[in-house]
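Student: Could you show me how to read the strands and sheets of a protein model?
Tutor: Let us take the features one by one, with the picture in view.

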Amino acid sequence: GGSLTGASGSVSANAGEFPLAPFSDRRYAVSATWSPRVSQQWRMDIGANYSTEQDFRSAGANALLARDFNRHNTTLSLGLSYEGDSVFPHGGVQMPLGTVDSGSTLITDESSKTVEGALAGITQVLTQSWIAELNYSYSKSHGYLNDPYKVVSILNTHLGGLPPRPLPIFGPPIGEPVQTIYESRPDARNEQTLYVGSKAYISGAVADFSYRYGWDDWGIHSQTYELRYRWPFGAGYYLQPHLRHYHQTAADFYQRSLLDSDALPAHVSADYRLANITGRTIGLECGTALRGSQLLRLRLAEER
């Protein structure tokens, strides 16, 4: 048999059956942005957002200040953001590394985290048809960073199961799960990102290329390459191919499973979002301008 814990609760299944939990949720969100023009050289954006779900609540605020130089050909930007989240999962917040379905791992009904961020950037007009952008961002998360619905399986490595027993063998086969525990992540995370973008007008077409490199103190390093090329044709039509490549390394504590012969680590997660990932997107967009300011677009994309 087996069990699956999800946002709508947990469900068990008999041997040979895959446990499927029904999922239902409803999300409400509201956001607002105010962009006063301070002067000819200074601009400001101030925003706030709030969202709530059945098991999650988030509220945040952000501000961005920009200053133009060099006859508006150079723009320096500085931004700050703050977000406070509360999570109250179905079944409560369980103890990290606690055994699933043991009935004794509940530690609280609700937990929280905060995310503080900062951004500094420069945008430069290089020629009449070429503009480039460079941004650096930093964010610090602190508090409850676990996913309350992610678990890790402990696999059997002994004849007769856990603990080792002499023959005859009555335990599960070697390699089968003998226990399931809740994941455990560090309670702090520092993330940094460097972004470079370039957009150029080339004989009626527009080439848009960007590169993003990110790293954190969980051991994850990521790279994203993205290219769009907007090619006009006919009377007001355009085609825009889109290519995107993404790769990230795994977190230091990522493991698909544990062995019952291993010592229990302080932090472990089997969440695929923390694994070694390579993704590719190939897309094509076709569009045309309609009456007034209306635009008709058709997009096709394949992701791997």
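Student: How many strands does the open sheet with mixed pairing have, and what is their order?
Tutor: Strands here are DSSP runs (E, at least two residues; numbered from the N terminus), and two of them pair if DSSP finds at least two bridges between them. In this structure, three strands make up an open sheet in the order 12-11-17, and the pairing is mixed. Strand 12 (177-182) and strand 17 (257-259) are the edge strands, each pairing on one side only. From one strand to the next, the twist averages 30 degrees, where axes are lines fitted to C-alpha atoms and angles run from 0 to 180 degrees between N-to-C directions. Strand 11 (residues 151-155) runs parallel to strand 17, joined by three bridges, and Ser-153 stands opposite Ser-257 in strand 17.

Student: What kind of model is this, and how are the residues numbered?
Tutor: This is a predicted model, in which local features need pLDDT of at least 70, side-chain atom pairs count only at pLDDT 80 or more, and totals for chains, interfaces and linings use all residues. Residues are numbered from 1 along each chain as its sequence is written, while side-chain values use heavy atoms, leaving out hydrogens and water.

Student: Which strands stand at the edges of the sheet of 12 strands?
Tutor: That open sheet has antiparallel pairing and the order 3-4-5-6-9-10-13-14-15-16-18-19. Strand 3 (28-34) and strand 19 (295-303) stand at its edges with a single partner strand each, so one side of each is left without a neighbour in the sheet. Within it, strand 10 (residues 130-143) and strand 13 (residues 188-202) run antiparallel, joined by 13 bridges, and Ser-141 has Arg-189 in strand 13 as its bridge partner.

Methods: Helices (H or I, at least four residues) and strands (E, at least two) are DSSP runs, numbered from the N terminus.
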